[in-house]
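Please read them with the structure open.

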Amino acid sequence: MTLTVYELDEQSIWTGATHEIAPGEGRPACCTTIVPPEVPDGQMAQLRGHTWVLIDSIPLSDVQRRAREARGQVNEWRDKSLNDGVPYSMPDGTKDTIQTRPDDRLNLMALNVKAEARAEAGDSTLMPFRGLSNTTYQLTPAEMRDMTLAALTHIEDIYQQSWSAKDALMGATTLDDVEAALEGLQ
């Protein structure tokens, strides 16, 4: 079960973007779980405290308009990157992909905690993990810990890149600044 959040800009105006957050996953900054109203043309929804208020749209400069569009592109890149997963070389040398969708992230965290506990207890019982290829691998607790940490680090890197791009977009003063903020996404 996921939670829907609604992205806000720096003036608490709903950007029109929504995101699905897995249980136990941290909520991104600048968002709310309060469902916004229908927004008529020429207006915007602004969150004031716990209440949505419809306000007249303010004409945006070309830079502001492009930066707003670019924020949406950053979110699309982030979500696609998370859904693509991370390539990983399994201990037997097989190349596979660790899935990192919202529900997968919760599973990865649980597997990491379980692997860490087993490793600390000296328990070397093999742990099953199924990759994107639908192949099940039998990993030692240390191998499972290493694999889940690689996937969780990948997830953190994606979020960090998206936050850096959004920070750059907030400070953009020219169209070149906006485009430069998007270039770093890989």
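1. Two strands are said to pair if DSSP finds at least two bridges between them. Helices (H or I, at least four residues) and strands (E, at least two) are DSSP runs, numbered from the N terminus. This is a predicted model, in which local features need pLDDT of at least 70, side-chain atom pairs count only at pLDDT 80 or more, and totals for chains, interfaces and linings use all residues. Residues are numbered from 1 along each chain as its sequence is written, and side-chain values use heavy atoms, with hydrogens and water left out.

2. Overall make-up. The protein chain has four helices and nine strands, arranged along the sequence as β-β-β-β-β-α-β-β-α-β-β-α-α. Its radius of gyration is 20 Å, well over the 16 Å that the globule rule gives for 186 residues, so the protein chain is more spread out than a compact globule. The radius is taken over C-alpha atoms, and the globule rule is 2.2 Å times the number of residues to the power 0.38. Along the principal axes, the C-alpha trace of the protein chain spans about 60 × 35 × 25 Å.

3. Burial and surface. Of the 186 residues of the protein chain, 38% count as buried. Buried means under 20% relative accessible area, exposed means over 50%, and partly exposed lies in between (1.4 Å probe, protein chains only). The accessible surface of the protein chain is about 10,600 Å², and carbon and sulfur atoms hold 53% of that. These areas come from the Shrake-Rupley method with a 1.4 Å probe; for residues, only the protein chains shown count as cover.

4. A contact means heavy atoms within 4.5 Å. Among the contacts in the protein chain with a separation of 6 or more, 49% are between residues 24 or more positions apart. The protein chain carries 16 positive and 29 negative side chains, and the centres of the two sets lie 4 Å apart. Lys and Arg count as positive and Asp and Glu as negative, while His and the chain ends are not counted. The place of each charge is NZ of Lys, CZ of Arg, CG of Asp or CD of Glu.

5. An open sheet has the strand order 2-1-3 with antiparallel pairing. Strand 2 (14–21) and strand 3 (31–32) are its edge strands, each pairing on one side only. Strand 1 (residues 3–8) is joined to strand 3 by two bridges, and Glu7 stands opposite Cys31 of strand 3. Five bridges link strand 1 and strand 2 in the antiparallel sense; Val5 has His19 in strand 2 as its bridge partner.

6. Arg27. This residue is found in the loop between strand 2 and strand 3. Not counting residues up to four places away in sequence, Arg27 touches Val5, Thr32 and Thr33.

7. Which residues other than glycine have a positive phi? One of them is Ser12, with a phi of about 60°. Ser12 belongs to the hairpin of strand 1 and strand 2, which has five residues between the strands. Ser12 is partly exposed, at 28% relative accessible area. Asn134 also has a positive phi, near 65°, and lies in the loop between strand 8 (127–130) and strand 9 (136–139). Asn134 counts as exposed, at 52% relative accessibility.

8. Helix 2. Leaving aside neighbours within four places in sequence, Asn112 is in contact with Arg145, Thr148, Leu149 and Leu152. Met109 lies in helix 2 and is partly exposed, at 33% relative accessible area. Under the exclusion of residues up to four places away, Met109 touches Gly24 and Leu152. Met109 and Thr174 are 65 residues apart in sequence and 41 Å apart in space, C-alpha to C-alpha.

9. Thr97. This residue lies in strand 7 (residues 95–98) and is buried, with a relative accessible area of 17%. Apart from neighbours within four places in sequence, Thr97 is in contact with Asp84, Gly85, Val86, Pro87, Gly131 and Leu132.
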